[in-house]
Amino acid sequence: MGMPTESRLALVRRARRMNRILAETYPDAHCELDFGTPLELLVATILSAQCTDKRVNMVTPVLFAKYPTVDDYAGADRAEMEEIIRSTGFFRAKTNSIIGMAQAVCEHHGGVVPNKLKDLVKLPGVGRKTANVVLGNAFDVPGLTVDTHFQRLVRRFGWTEETDPVKIEHVVGELIPKREWTVFSHRVIWHGRRICHSRTPACGVCPLAALCPSYGTGPTDTAKAQKLVRSGPFS
């Protein structure tokens, strides 16, 4: 995979052209988790691990109503929370993360969700991906959300062969202007959910076909490819 003869300048130009095409294709790309505050987004993102956004959005209205403040989460009854979030999977571990996160926010940040990466990643259950989701969508701090879709697509695009999420984040961060990191993440994730699927991408209707070295991984016939296109919301 990739374009071994491609110069650095050519790669940057190709990457930015692909970003522009994705922007035209998904002008409304946004975070598909429902939230109203940084705390709600942080909780929803923790719940989204190994779970669809659609399922999380079905659970969070009840959760947010029962625990409106960080103090409420910090002092939550574990069994009650587990029951509310059970359908999101891994509910015991997620309950541990949410309660632990809330207690840490109360203890170290005065009950206010921090807006710096270095502080967010120290919270229980919060890694770089979750932190960047919160920074970009709740605080307007540019961040790249390197989830499974993002990792798969940038490798298919021939932008990198790295498999480590942090290394991928740095590579892509040098290709795409920082001010666009957050919305670019949404565009890539939307493309991965709708067209560039993991097993059988819809190559025949992909707007990036002419610029993608992986074109042909999926069916190139337009009619066959069109049947593979999905609409949201997704995992």
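Begin by selecting Arg 193, which counts as buried because its relative accessibility is 8%, buried being under 20% relative accessible area, exposed over 50% and partly exposed in between (1.4 Å probe, protein chains only). The model is predicted, so local features need pLDDT of at least 70 and side-chain atom pairs count only at pLDDT 80 or more, while totals for chains, interfaces and linings use all residues. Residues are numbered from 1 along each chain as its sequence is written, and side-chain values use heavy atoms, with hydrogens and water left out.

Glu 32 and Arg 193 form a salt bridge whose closest N and O atoms are 2.7 Å apart; the term denotes a side-chain nitrogen of Lys or Arg within 4 Å of a carboxyl oxygen of Asp or Glu. This pair links distant parts of the chain, 161 residues apart: Glu 32 lies in the loop between α1 and α2 (38-47), and Arg 193 in helix α11 (residues 181-194). Helices here are DSSP runs (H or I, at least four residues), numbered from the N terminus. Glu 32 is likewise buried, with a relative accessible area of 10%.

Next, select Arg 14 and Glu 6. Their side chains meet in a salt bridge of 2.7 Å, N to O, and Arg 14 and Glu 6 are both buried.

Move on to Glu 83 and Arg 86, another salt-bridged pair, with 3.3 Å between the closest N and O atoms. Glu 83 counts as exposed at 52% relative accessibility, whereas Arg 86, at 40%, counts as partly exposed. To display a network, select Glu 32, Asp 53, Arg 193 and Arg 194, which are joined by salt bridges that share partners. Over the whole structure, a search finds 10 salt bridges.

Now turn to Lys 94 in helix α6 (residues 91-109).

Definitions and conventions: Helices (H or I, at least four residues) and strands (E, at least two) are DSSP runs, numbered from the N terminus.
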